[in-house]
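Student: Could we go through this structure together? I would like to begin with the strands and then move on to the core.
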Amino acid sequence: MISDEEKELVREKTDVLQIVGETVNLKRSGSSYSGCCPFHADKSPSFHINPNTGLWKCFGCQKSGDIFSFVMEREHIEFPDAIRYLAERAHIELHEDAQRSPDAPKKTRLFELLDATEKFYSQSLMRGVGPAYDDARKYFSSRGFNSDVCKRWGLGYAAGHGRLSKHLMDLGFTLKECEAANVLVGRGRDRFFNRVMFPIHDESGRCIGFGGRVLDDAKPKYLNTSDTMVFHKKKNMYAYDKARESIVSEGYAIVVEGYTDVIAMHEAGITNVVAVLGTALTLDHIKLLSRFAKKIIFMFDGDSAGQHAAKRSLQFMKDTEADLRCVILPDNLDPADFIAQRGVDELKGHLNKSEPLIDFVFEIILSEYDLAIPGQRVKAFDELCSLLSVFKNSILLDEYARRLADAFQVDVQDAKKGIMEAKPSITGETNTLQPPVKPQSQQQVKAYTTGNSQSQVKVQPIVDPELDRYDDIAYLQDYSQYEDVTYYEPSHQSQPKVEVLLSREEKAQLQCEKELLTFFANYPKVVKSFRTSLENIDWVEPNHKVICDAMMATDDDADVNEVVKAARTAVPEADLVLTAGSIVYEDTRAKDEKIKFILVNLELQMTKRRIREKKAQANHATDNSQMQQVLEELKVLSEHRDRLMEILTKI
Ligand SMILES: [Zn+2]
């Protein structure tokens, strides 16, 4: 709770003209000031503020209030956050900070300490003598960052070996303060050593933490400051202070994966770029950006990690009005490499062609599976349903159900049902994209856990302490550690969905497959003599192939019991399939004729399926010669179909 006294203290200590002057070009008129209103499209100066009372009013849009409501309006934040915002700006330590952890060092001390650390690392980079320092300078220059760039971004080098520790103690900081800022760990060891350093700043440009990258093959490749009183990786973003102004003026923000990408893009003149801080994107990040950005463009790497990130980001669409879009650079280049090799204009060209995130996610999932194979089609459908299930209670549900229905040629109601019944694919905190961390990394993580982790947890009740403990080793660019985490559980009741997703021809073939397998279970020797035909079946149901192969693999003189047992061993539910056919019982024809009838029928359905596929191809043919070829194939298939139908009538 922030007391009224403190609120008034903040009001008293706030320079309203300075705060308002950041967004409004103020001109004095008598005892008050006026300018163009920042809250509506104002041509004449309708906005007035009196510095003595701190009250403002716009005669254009009729908005008015005090400095707190001005900040709420401008920063799109709630009242308590407006007080905190102004308190920080005025260097006032609120009582609530002290209340949360009575022994904790003062925030202002941490800012001083972090500033001193940034300077120390920077000077080490500039002036350090020795091979390690040379390597650090070489690293930055290999990225195209000369000493001016390094200075502008406060880039540095952490040598380790207690050098920082000694420096900070000499400046009069206590061990407790150093640990609270997470620059020293475990009885005064330097947290970062032999790493090039990227200082991270808050909105007002104060250093709040660091990202450090190794120069050798040590792990983790990127190490970030753990969450502290002033650093929150799930809320802060890299370069937000530098990007904010252009985000406001451009109306959109770009999110990239790496710190060097941010720097390279800013230096190339694209300045509305930020990055996350060694964690997956959170809803807080989205909220931070959408305060000023109507559009957020993600530049994901083209690899599978980037695709995971895109899928995970989809869930935020329901919680933000910002237009979420994405860009994948060709040839797996990251933005920094892309600019170096092809220039910034080509990069801008790609930014102009950004596509809606939802389109991209549809595309990647549809391309991951071969939709001509029913089993894979079901998986693709399931995965999309899981991802879209976050929209269950959203007004967007209808729209996405329609898209899903279009993509799979199914009924909209069936698509909607699929989404409603699906389980969300992402587990963990609902507002975070942080995947669950594997247990085996616990040991490794402990080594990095700071001594005061206990008090940190108390300071920040909003952060799940379990998740937070592991975040230390989050890699900045390398999402590959998450690769083997399953985001999506295939549905165990896929059977009804299979039916929904099958074409008429596939449904017909599915029945033929059941007839064949039922017949097989009753007359194994007869069916085995058609071995070659069976090998050429393009099964609709993958389990049917497994059953068939298992029965085929039995001894030539195996009896019915042995064959069924083999099927059951391969697929526990085989019994259901082996009793699903009816021809074997109800038909009066001889065994040989029955099996021929089944096999010809099966081939007929496969041919019909191919005809359907070819027709679809014909619809998407891009040139005449391709069209001709498809038509030619269609003709051959149609003739074959007619021949099979004729044979069938004669059996
Ligand atoms: Zn106005």
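**Strands, cores and a helix face**

Tutor: Please note that this is a predicted model. Strand 2 (residues 32-35) and strand 3 pair in the antiparallel sense, over three bridges.

Student: Which residue stands opposite Ile49 of strand 3 in that pairing?

Tutor: Tyr33 stands opposite Ile49.

Student: And how many bridges join strand 3 to strand 4?

Tutor: Four bridges join them, and strand 3 and strand 4 (residues 55-58) run antiparallel. Here Ile49 stands opposite Trp56.

Student: How many residues are between strand 3 and strand 4 in the hairpin?

Tutor: There are four residues between the two strands of this hairpin. In the turn, Gly54 has a positive phi of about 75°.

Student: Which residues of strand 3 are on the covered face, and which are on the uncovered one?

Tutor: Phe47 and Ile49 make up the covered face of strand 3 (residues 47-50), whereas His48 and Asn50 make up the uncovered one. In a regular strand, side chains alternate between the two faces of the sheet.

Student: Let us change topic. Which residues have the most contacts inside the largest nonpolar core?

Tutor: They are Val255, Val262, Val274, Ala275 and Ile296, in a core of 107 residues. Helix 18 (residues 374-388) gives the most to this core, with seven residues.

Student: What does Val262 touch?

Tutor: Leaving aside residues up to four places away in sequence, Val262 touches Tyr238, Ala239, Val256, Val273, Val274 and Ala275. There is also a second, separate core of 22 residues, which includes Ala566, Ile595, Leu599 and Met606.

Student: Now a helix, please. Which residues of helix 20 are buried?

Tutor: In helix 20 (residues 412-421), the buried residues are Ala415, Lys416, Gly418 and Ile419.

Student: Why do the buried residues of helix 20 line one face?

Tutor: Seen down the axis of helix 20, its buried residues fall within an arc of 155°, so they line one face of the helix. As a general rule, an α-helix has 3.6 residues a turn, so residues three or four places apart point the same way.

Student: How far apart are Arg137 and Cys150?

Tutor: Arg137 and Cys150 are 13 residues apart in sequence and 9.4 Å apart in space, C-alpha to C-alpha.

Terms used
Residues numbered from 1 in each chain as written. Predicted model: local features only at pLDDT ≥ 70, side-chain atom pairs only at ≥ 80, totals over all residues. Buried ≥ 20, exposed ≤ 12 C-beta atoms within 10 Å, placed from the backbone. Arc of directions from axis to C-beta. Pairing = 2+ DSSP bridges. Core = buried A, V, L, I, M, F, W, Y, C linked by C-beta atoms within 7 Å. Contact = placed C-beta atoms within 7 Å.
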